[in-house]
Amino acid sequence: MADAEQTLVNGVTNLSVNGNEKGKDSAEDFAKSWGFGLSELYKLAIRFFKEKDGKALKLKYQDKLRLVAYTKQATFGKYRNDVSPEVGFLDVVGNDRRQAWQALGDMSQTTAMVEFVKQLDALCPLFRPFTEAHNAEKQEQQRKRQEEEDRLRREAEEKERRRLEEEAQRQQELQKQKQLEQEMQIRAALNQQTAVQFAQYAQQQCPNNKQQQEELIRQLQEQHYQQYMQQVYQQQLLHQQQQYQQMQQQQQASNTAPAPSPQTNPSPPMASPTPTQQPGSQPTEAPPKPQGNSVIPNGPAEATEKKPEGEDLIPPPALLMPASIWTRKDIQSFKDSVKHCQENVIKIGSLATATVRVPTHEDGTCLFWEFATDYYDIGFGVYFEWTIAPNTTVSVTVSESSDEEEFDEEQDTKNDVEQGTKKEDRPPTDEIIPVYRRDCHEEVYCGSHAYPGQGVYLLKFDNSYSLWRSKTLYYRVYYSR
């Protein structure tokens with residue numbers, strides 16, 4: 001009996017030495033060769049050992065003793081009396097298991113797991129097919145789960161796309177309705193002001209013919225409306241040019257003489273109210289005396305005065321409609337859909353400002369934008385620059401501060417006095433959305449705006465208020481027909 005115990009102990013001792021030598025290999029690499037993680041592989045081996053012991057797995061007493069010792073070492077580590085049950089002197093199996101566990105010494109728990117799997121694989125040829133079957137089942141489940149996730153993602157994207165299209169169509173319809181209502185109000189005010197003049201003129205041109213008089217009045221009203229709108233556009237453009245000239249004068253006031261006041265266009269001699277005039281007010285001028293069928297009672301031919309300078313390069317601005325703004329909660333899915341395109345992810349440093357220039361597209365009628373950030377908010381605003389872009393390419397400019405460009409131009413003016421005053425040739429720009437801080441780290445901020453004409457949208461992302469933190473911006477812009 002003593003000889004048998006000594007042989008057993010020596011066998012386990014030799015096993016522990018061999019196990020330590022084999023444990024030099026990477027445990028994780030060993031587990032990956034089986035297609036599992038080490039912990040998962042060990043649990044699978046324990047399951048196989050418990051289910052097949054005494055059935056498909058018939059082990060010798062010494063081999064089974066070794067496997068049990070490895071399980072103790074993998075679970076508790078080095079042998080401890082507090083976790084080993086008390087065994088009697090006549091409990092041969094209990095004493096053998098204790099000695100086998102003690103013989104493993106300081107073997108690590110990871111090495112014990114590896115050795116258990118290796119010994120089980122060597123003792124039972126059915127173990128490897130068992131693991132391969134589980135690995136195939138695991139991969140099949142992962143494949144099905146991935147296909148289901150892809151299907152749900154595609155459905156969500158398609159649903160979101162349809163929602164955006166419906167929202168865009170609804171916004172366009174609302175904007176068209178607002179424009180139509182505004183046009184009807186302007187036409188009603190103009191028609192009421194000129195009703196008496198046009199009626200008298202039509203009576204002179206077509207006496208005793210009510211139908212021709214009504215047709216002539218309709219033509220005159222349409223011409224009057226078109227001339228009025230053209231005058232509004234010209235006045236708006238002129239006002240914008242005056243504002244830029246005043247800014248130049250303020251910058252140059254300290255070193256240069258005051259620039260001459262901008263030259264204004266003479267007011268056309270037509271009776272045209274402002275949009276805020278009350279219906280029923282009478283015009284201040286009488287219609288000119290008719291001189292043939294080509295005479296228009298709204299004023300002489302001089303009403304189409306000379307265009308302001310640069311108008312042949314910049315289209316006349318239209319009445320700007322307010323932008324639509326909304327938010328949505330799926331910020332993480334939005335970032336995941338955007339981050340694969342590096343051009344749509346911008347790093348904006350502290351005290352910096354990023355400007356995204358989006359030219360209008362000849363096939364589009366409305367611009368859409370979406371953006372979000374990581375962890376912190378950012379300032380955002382939208383402007384429209386009345387200029388003709390050479391192409392439809394979207395460009396991004398990041399400056400260290402929002403005043404950097406103005407400061408550089410002021411320094412150039414101050415340092416080069418001999419060049420005199422240089423006229424700034426910037427296109428006019430209208431503000432659509434003022435720059436305010438947006439909590440875009442919590443929600444996706446979205447918006448749209450109907451094209452007022454041909455030009456370039458300027459999307460301003462302002463981080464100039466942040467002294468230390470830089471911001472990561474995820475954005476997307478597109479247009480609809």
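Helix 4 and helix 5 are oblique to each other, and I wanted to see why, so I looked up the angle. The model I'm working from is predicted. Helix 4 covers residues 61-76 and helix 5 covers residues 92-103; they pack at about 55 degrees, with their axes 9 Å apart.

From helix 4 I noted Tyr61, Leu65, Val68, Ala69, Lys72, Gln73 and Phe76. Across from them, helix 5 brings Val92, Val93, Asp96, Arg97, Ala100 and Trp101. Sorted by class, the contact of helix 4 with helix 5 has 9 nonpolar, 1 polar and 3 charged residues.

**Helix 2 with helix 6**

I moved on to helix 2 (residues 27-34) and helix 6 (residues 109-123). Their axes come within 10 Å and cross at roughly 35 degrees. Helix 2 passes helix 6 in a left-handed crossing. On the helix 2 side, I wrote down Ala27, Phe30 and Trp34; on the helix 6 side, Thr110, Val114, Val117, Lys118 and Asp121. The class count for this contact came out as 5 nonpolar, 1 polar and 2 charged.

**Helix 3 with helix 7**

Helix 3 runs over residues 38-52 and helix 7 over residues 127-205. I found an angle of about 125 degrees between them, with the axes 11 Å apart. That makes helix 3 oblique to helix 7. The crossing of these two is right-handed. Which residues of helix 7 does helix 3 meet? I got Phe127, Phe130, Thr131, His134 and Lys138, and they face Glu40, Leu41, Leu44, Ala45, Arg47 and Phe48 in helix 3. Their classes are 6 nonpolar, 2 polar and 3 charged.

**Holes inside**

How many cavities of 30 Å³ or more does the structure hold? I counted 2. By class, I noted 7 nonpolar residues, no polar ones and 1 charged around the second largest cavity.

Methods. Residues numbered from 1 in each chain as written. Predicted model: local features only at pLDDT ≥ 70, side-chain atom pairs only at ≥ 80, totals over all residues. Heavy atoms only, no water. 1 Å grid on protein atoms, 1.4 Å probe; cavity = no way out; pocket = protein on both sides within 12 Å on 5 of 7 lines; lining within 4 Å. Points joined across faces, edges and corners; volume = space filled by probe spheres on them. Nonpolar A, V, L, I, M, F, W, Y, C, P; charged D, E, K, R; others polar. Axes fitted to C-alpha atoms, helices over the stretch in contact; angles between N-to-C directions. Helix = DSSP H or I, 4+ residues; strand = E, 2+ residues; numbered from the N terminus. Parallel < 35°, antiparallel > 145°, perpendicular 65-115°, else oblique. Contact = heavy atoms within 4.5 Å. Left-handed = near helix turned anticlockwise from the far one by under 90°.
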